[in-house]
Amino acid sequence: MKYKIINFQKHGDDRGMLVALEENKEIPFNIKRVYYMYDTVAGVRRGYHAHKKLQQILICIHGSCKIHLDDGFDTAEVVLDKQFQGLYVANNMWREMYDFSPDAVLMVLASEYYDESDYIRNYHEFLEYVRGEDLL
Ligand code: T46
């Protein structure tokens, strides 16, 4: 599984909604890190990298945004606009985040601590890495 939309259980009553996330239950890994982005500047596109090891769940807990995914062979565009949905992204996936609404808050649950050496920030290197061949 390279990516997957997960619909979390909604606990709703007459007061409103609540979503609960636990590691190795709703989230299919140990959660070592949580980060989020907000006040994203209009028209900006971020990401442009892959991870060798990191797995993540992306949740747009307010507003909406889109995610471009690329495994080196196929691409997909995913819309995140529901607070009860998470996008699981496996390692070895190129990702770009775009079309943020002005009020978007994109929260990410990560399987590893921050490690710059886990990033592949060059698309050509990424293709070589996942295809296991020298493309030059
Ligand atoms: C990813 C997508 C969805 C830290 O110091 N610690 C952290 O845990 C993170 C994630 C970032 N940073 C610093 C590193 C940079 O100086 O925050 C700055 C912005 O990070 P970056 O340019 O990598 O942000 P994005 O939005 O391009 O990518 C982020 C994650 O880095 C990445 O793992 O999958 O969100």
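In this predicted model, E116 is partly exposed, with a relative accessibility of 39%, and its side chain meets that of R121 in a salt bridge whose N to O distance is 2.8 Å. R121 is likewise partly exposed, at a relative accessible area of 45%.

The count of salt bridges comes to 9, and another of them joins the side chains of E96 and R45, at 2.9 Å from N to O. This pair links distant parts of the chain, since E96 belongs to strand β10 and R45 to the loop between β4 (33–37) and β5, 51 residues apart. E96 has a relative accessibility of 11% and therefore counts as buried, because the cut-off for a buried residue is under 20%, whereas R45, at 33%, counts as partly exposed. A further salt bridge is formed by K82 and D81, with their closest N and O atoms 3.2 Å apart, while K32, K53 and E112 are linked in a network of such bridges.

The backbone also deserves attention. Most residues other than glycine have a negative phi. Y48, in strand β5 (residues 46–51), has a positive phi near 60°, and N92, which lies in the loop between β9 (85–89) and β10 (94–98), also has a positive phi near 60°. Y48 is partly exposed, with a relative accessible area of 37%, and N92 counts as partly exposed at 25%.

Finally, we come to helix α1 (residues 123–131), at the start of which a side-chain oxygen of N122 reaches to within 2.9 Å of the backbone nitrogen of H124. After α1 comes G132, with a positive phi near 65°.

Notes
Residues numbered from 1 in each chain as written. Predicted model: local features only at pLDDT ≥ 70, side-chain atom pairs only at ≥ 80, totals over all residues. Heavy atoms only, no water. Polar contact = N/O pair within 3.5 Å; in protein donor to acceptor, adjacent residues only side chain to side chain. Helix = DSSP H or I, 4+ residues; strand = E, 2+ residues; numbered from the N terminus. Buried < 20%, exposed > 50% of the residue type's maximum accessible area, 1.4 Å probe, protein only. Salt bridge = Lys/Arg side-chain N within 4 Å of Asp/Glu carboxyl O.
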